[in-house]
Amino acid sequence: MGKFAAWVGYLIVLLGLPQLFDSVLAITIFNQMAIAIVFALSYNMLLGQGGMLSFGHAVYFGLGGFMAVHALIMIEFETVYFSITLIPLVGGLIGLIAAVFVGSFSTHKAGTVFAMISLGIGELVAASSLIFVSFFGGEAGVSADRTFGPPFFGVEFFQDVEIYYLSAGWVFVSTVFMYLFTQTPAGRMANAVRDNPERAEFIGYSARRVRFISFCTSGFFAGVAGGLFALNYEFITEENLNAVTSGRVLLMAYIGGLGYFIGPIIGAVVLTLMNSLLSNYTELWMLYLGMMFVLTVLFLPRGFAGFIMMHQTAWLRGKLSSLFLPYLITGTPAIMFGGSILAAIEMLHHEGEPFGFLFLTLDSGNTLHWLALAAVGAASYFACRRSLGQLNVAWEEANRMDNPTEGGPG
Amino acid sequence: MLEVFVFSTLNGLVTGLLLFMLASGLTLIFSMMGVLNFAHASFYMLGAYFAYSISLKLGFWAGLLVAPILVGTFGALVERYALRRVHAHGHVAELVFTFGLAFLIEEAVQFFWGADTKNYQSPDLLDFPLFTLFGQEFSAYRGFMITISVGIFLALYYVLTRSRIGIIIQAAITHPHTVASLGHNVPLIFMAVFGVGTGLAGVAGVIAGPVLTTFPGMAVVLGSIVFVIVVIGGLGSLGGAFVASLMIGLLQSYAIASNLGMPDLLNWLGLEFSRDHPLNDLWTLTLPQIAPVLPFLLLVLVLIFRPTGLAGKREE
Amino acid sequence: MKRLHRSITFRITLRSLLASLVLSFFGSISAQEPVRIAFIDPLSGTFASIGTSGLKQLQYAADELFNSKGGILGGRMIEIVPLDNKQSPTDTQIQFRRAVSEGLRIIFQGNSSAVANTLNSTISRHNRRNPGQEILQINYSAVDPILTNEQCSFWHFRFDAHAVMKLNVLTDYIAMNPEIKKIYIIGQDYSFGQVVSDTSIELLREKRPDIEIVGNEFHPIGQVKDFTPYVTKIVSSDADAVITGNFGADMVSLARSIIDSGLDIPIYTFYAAYDGITATLGADGVDKIYLVHNDAGNPLPSEERLAYTRNFKRLNPNNDMTQFRITNALQMLVQAMEASQSTDPYDIALALEDMRFTNMSGEELWMRGEDHQIIQPLHISVHTDQNIVVDADNSGFGLYRDFSVPGDETVVDHSCRMRRPRR
């Protein structure tokens, strides 16, 4: 019942977002998120559920996207005749075909061998995309117009918001299917093979076959995401299948949290927001992204979703509120410490010119600013260090297994 | 034709030996910790940038001496305070961490030094042609690069096979627990190996910076190729890495020098396609055009047909 | 006492009220809504320095030429809105939509022809689908000929000469040198590299049939670690000159490898200056690197231009005035706004068509109406440290003008069949 409610909530959020924020920019960001969510979920199918670390997942996204754009061109020139609402399916099929081909030899092994093959394939495809100009269009890519073909119940997709509703539909359907996949024997076995391929073989499953199925399904959904990209942007270039895109999807899935189905969705949303909003406030956003990624790997190995799920026990026991105050006491100086580090970085960057930082104006030429910053940084660091013990105590308290006489079902 | 062959061989040797300096550290670290260090080429880049900054004040030679030590120390600190922490979460987490580190180092380099190419010059002392063959000069600096690389290979080989430290390291790779029981500080050995490995990458950066241009993209250009070498050579094998480095260096050099391509193949087969053929791009492909991506083709082929690499013992 | 106090208070209040009334009246005149212009180029990532440098030049031109002199269109200020596209076509789309969403109607963009191409088709589509909210593309740097030929658009104006025009001048210059008998062409394997190769071969065959093309090489963009193997081929081909369209690190590495091999031949280029390249080539590149571009360079052609450049350098000590065409573009844009008394892209576009303009260097510029391609004098400069008044990268080295071609001689035919919007 709870799960059903969650799905309905998901659908309502997907469909309701453009009602709340209806500017062109907001719709653009939602469209980006839609693409990123499907792509990141498909990646999680590999790494999170199947234990296969891929450095070339953009290949399936990109190939699907390229074919989708070519399909749009075919619709425009009336070589074929179908509604553009089916374009993501075209992308998905191409992603699937590519994955079947590559998977036939790359899924023999997981681990480093798989990672290296994916890296090699990624580089090869990226290089060929610049060489085979007639299909990939060189560095300018190929572009098309989505407004041809038969209208879909009167909608001709002139506006981005119409594409958003189409994308939202595809995102929902894809999410449902990807979730259902985790519940199938194949999906369950993917987890088993990830954790211990030998034992999985003992009970009669071919680890390679299980990996192959995960890999192909993942390729299919990456292709669907590529098709959504084609519909939204109406063009695609080589950057959408090169290592940068492959790296970005890894970041999304990892920051969001690999082990959880919802993790990549969180990662996709956070990274899309960073990419499209943070870059307007600072030129150093890539540096911050890198810092955030490394810190996540170091301190939140299970990502944002893992951090949220850590509180499950406390929540079930109704003790989540007891953590609020300790979090506030530790969190405030921690945020201030982080803020003063960022301020210092920005001051180094804006050497010799005053600039706005939050509500302050800082100037790297002003020694007083440096001193104040150092003072705030040091004070908040020690405050944070001192209160950490209390937080630990509160955490233990909230998660402690009670005596059977006191506790509920636990 | 002979001149092209001779110079291509020389060029291939220089590139190959340079690649080996990176690959040797990487493969050493892999045999220790079982993790491929994605950020290895980033340490190479740091070496070049540190040396550039030092050379502005104290000259090239001071940079050659100090920069690798700085890089090695930084590498050791990364191992001690970050990698060891991530190690608990498994190999995938480690690989992902080094991937993130590579990303972060590139951004940090842009932050501190800017995105422009840096005017990092080779020393005046070596600014003369070593010899002139067929009207083409071979600079003394390139000769110096070859000398340093070969020197490092020999020293490394000696240390690992003939010295006491080398024996302890070798033992720690295969039997860490036994070595620990014998009273050796295995975590310290790990840290030292990581430091030395990254320091070697730093040396490569210092001597390659002036020739291959010092810019923030220099790690990316080299990074995946070094990976390829370590995998082709057989993960964890120093000798394999050496052979693979030279092979890749020469392969690229010869591929560029040759003018062969699909047109020649088609001629030989007696086939001809019009320029409007949909696969025209394929029929006009030449070897020099794809030379830089040949290693990746090799990588995929090796992994499919011989996943342990040329001399690999260990398979994951 | 109390009364007095009160009356003073009253007076003060009255006076301040009056003052604020007066202020708000005049204030409403001086604080007219600014004319906002989007600048979409890389401001972070690998190409950030080029984009940031362009932004500084555009900002400087707006402040120095217009805002400090009371603005345009009777007192409106020019506001430059920087939008970072990281030189990625995808991010360009996002920033384009941000511009639309913030009501920006004029977009400056220059770096990367791939970005310019996708922006061009996006704007065409957008303008077709959203009549009344058209966007204007001011392309100050992307040189792919296609933008003013097959894919020309009413909403796109180019303020730099395209690749074929530049090559036309470059091959004229090469043809004048009788010592050059063999030429080696090497370039990055993408559309611009292909255009450079194809066009130079074609033009040289026409102008100097005796010149032999001894090499025509492409290498993957940004993938080559070491150019020495390529240089080996150049040496063994006995070439007298090299033509390359390389940019960035590929340009520096190639030039350095050629010079290191002891080869003493001229290298004809497009992008071998500024942003660290001039400093890195330094003394090695003197009298070897030739560059075709639209800027007059050293010696600066007019006092006004010199003062303008010096002042920019004073405000931005770490940047150079690398793209003077940005100033040209802004001045012509403002002139078009003043002429049409409008900031609507359609009116501006009509006013820009066939506009003739004399720039600060005293050069005649003409925006050809048929394809929206600027026609301007082109120059070939050499990398040197002799007679350099304004250097590059604070290195003492810079570009010295060696050969100039007046605008009307740079004209090449176009294949543009422009679709004009009906109003």
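## A walk through a predicted model

Leaving aside residues up to four places away in sequence, Y260(A) touches A305(A), G306(A) and M309(A). Two residues are in contact if their C-beta atoms, placed from the backbone, lie within 7 Å. This is a predicted model, in which local features need pLDDT of at least 70 and side-chain atom pairs count only at pLDDT 80 or more, while totals for chains, interfaces and linings use all residues. Residues are numbered from 1 along each chain as its sequence is written, and chains are lettered from A and ligands numbered from 1 in the order in which they are written.

Helices (H or I, at least four residues) and strands (E, at least two) are DSSP runs, numbered from the N terminus. Is Y260(A) buried or exposed, or partly exposed? It is partly exposed, because 19 other C-beta atoms lie within 10 Å. The cut-offs are 20 or more such atoms within 10 Å for buried and 12 or fewer for exposed, with partly exposed in between; the C-beta atoms are placed from the backbone. Between the C-alpha atoms of Y260(A) and G103(A), which are 157 residues apart along the chain, there are 24 Å.

Now for some backbone features in chain C. Most residues other than glycine have a negative phi, and most peptide bonds are trans.

| Residue | Phi | Loop in chain C |
|---|---|---|
| L73(C) | about 50 degrees | between α2 (48–66) and β2 (78–84) |

L73(C) counts as partly exposed because it has 17 C-beta neighbours inside 10 Å. N394(C) is partly exposed as well, with 13 other C-beta atoms within 10 Å. Chain C also has a cis peptide bond, from N298(C) to P299(C), with omega near -15 degrees. P299(C) belongs to the loop between β10 (289–293) and α10 (303–315) of chain C.

Finally, how many residues of chain B are in contact with chain C? There are 31, and they meet 33 residues of chain C. On the chain B side, two or more residues come from each of α1 (2–33), β2 (136–139), α9 (218–233), α10 (238–257) and α13 (287–290). The largest share, 6 residues, is given by α1(B).
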